[in-house]
Amino acid sequence: MLILVSNDDGIGAAGLQALAAALAYLGRVVVVAPDRERSAVGHALTLHRPLRLTELRPDWYAVDGTPTDCVHLGVHGILDRLPDLLVAGINHGPNLGDDLTYSGTVGVALEGALFGIPSLAVSLVAREGFHFGPAAEVARELAAQVAERGLPDGTLLNVNVPNVARLDDLRGIRTTRQGRRRFGSGVERKTDPRGRGYYWIGGEELGYVAEDPGTDVEAVAHGRVSVTPVRTDLTDHGFLEALRGWAL
Ligand code: MN
């Protein structure tokens, strides 16, 4: 089995190393990852400058581009066929609810799904004190199942693993839907040393709506692994009928 692995935290990230090591039990792992951290670039593709690819060691490649660029270069520049599986991560931080479209990790899996490769994005729910071992084992188990069963065309799995020291500390796996984030006034205006104003997006961390039953956010709040099927098709099929009733 041929497995393409990428991330958005960069080729040197501990989460990527742990994931690649765990997946090596399933087959040949080829890592193509950004040469530096590229978190929150979403599904961006580089179209207006050249991309450089550096082989660091056999089957490990760094790209001076986005996570999505890595999928393109991996499939068309390095591998001579489509991989059997694509796994993104393990992200250093959660990718839950409304954050999915910002996520470079999910961007990798979206691109994989668009290529027709069974794809998963795996994230660790922590901001510090990361335990990648248990998450890597979960990733391997899920990856093995995805490889065996396949996924529907245009569907990927978004996986979030609670940050626990031992695999036994996880309280099961839940299949979930996307939850919601609480947004605050997330822009700060400051003044730089030369007297010019600047803005910084982020502001206070308000967290997620953890009470919503059946969501990714609720599952991880209860110490459970969350597995959400995500579609590349962003159409609101439910509203489509109502929209047809408008006088457009
Ligand atoms: Mn990241």
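Q: What spacing do the donors of the manganese ion follow along the chain?

A: In this predicted model, the spacing is D-D-x29-S-x51-N. The coordinating residues are Asp-8 (OD), Asp-9 (OD), Ser-39 (OG) and Asn-91 (OD1), at 2.2 to 2.4 Å.

Q: Where do Asp-9 and Ser-39 lie?

A: Asp-9 is in the loop between strand 1 and helix 1, and Ser-39 is in the loop between strand 2 and strand 3 (53-57), so the pair ties together parts that are 30 residues apart in sequence.

Q: Does Asp-9 count as buried or exposed?

A: Buried means under 20% relative accessible area. Asp-9, at 13% relative accessibility, therefore counts as buried, whereas Ser-39, at 29%, counts as partly exposed.

Q: Which residues of helix 1 are buried?

A: In helix 1 (residues 14-23), they are Gly-15, Leu-16, Leu-19, Ala-20, Ala-22 and Leu-23. These residues lie on the same side of helix 1 because they cover an arc of only 165° around the axis. Their cover includes strand 1 (2-6), strand 2 (28-34), strand 4 (60-63), strand 5 (85-92) and helix 4 (132-149).

Q: Which residues have the most contacts inside the largest nonpolar core?

A: In soluble globular proteins, nonpolar side chains tend to be buried together. Here the largest nonpolar core has 35 residues, and Val-31, Val-87, Leu-120, Val-159 and Val-161 have the most contacts inside it. Helix 4 supplies the largest share of this core, 8 residues. A second, separate core of 24 residues includes Val-30, Val-32, Val-108 and Ala-121.

Conventions. Residues are numbered from 1 along each chain as its sequence is written. This is a predicted model: local features need pLDDT of at least 70, side-chain atom pairs count only at pLDDT 80 or more; totals for chains, interfaces and linings use all residues. Side-chain values use heavy atoms; hydrogens and water are left out. Buried means under 20% relative accessible area, exposed over 50%, partly exposed in between (1.4 Å probe, protein chains only). Helices (H or I, at least four residues) and strands (E, at least two) are DSSP runs, numbered from the N terminus. The arc is that of the directions from the helix axis to the C-beta atoms. Contact means heavy atoms within 4.5 Å. A nonpolar core is a set of buried Ala, Val, Leu, Ile, Met, Phe, Trp, Tyr and Cys residues joined through side-chain atoms within 4.5 Å. Donors are N, O and S atoms within 2.8 Å of the metal (3.2 Å for Na, K and Ca); water is not among the atoms, so sites may look incomplete.
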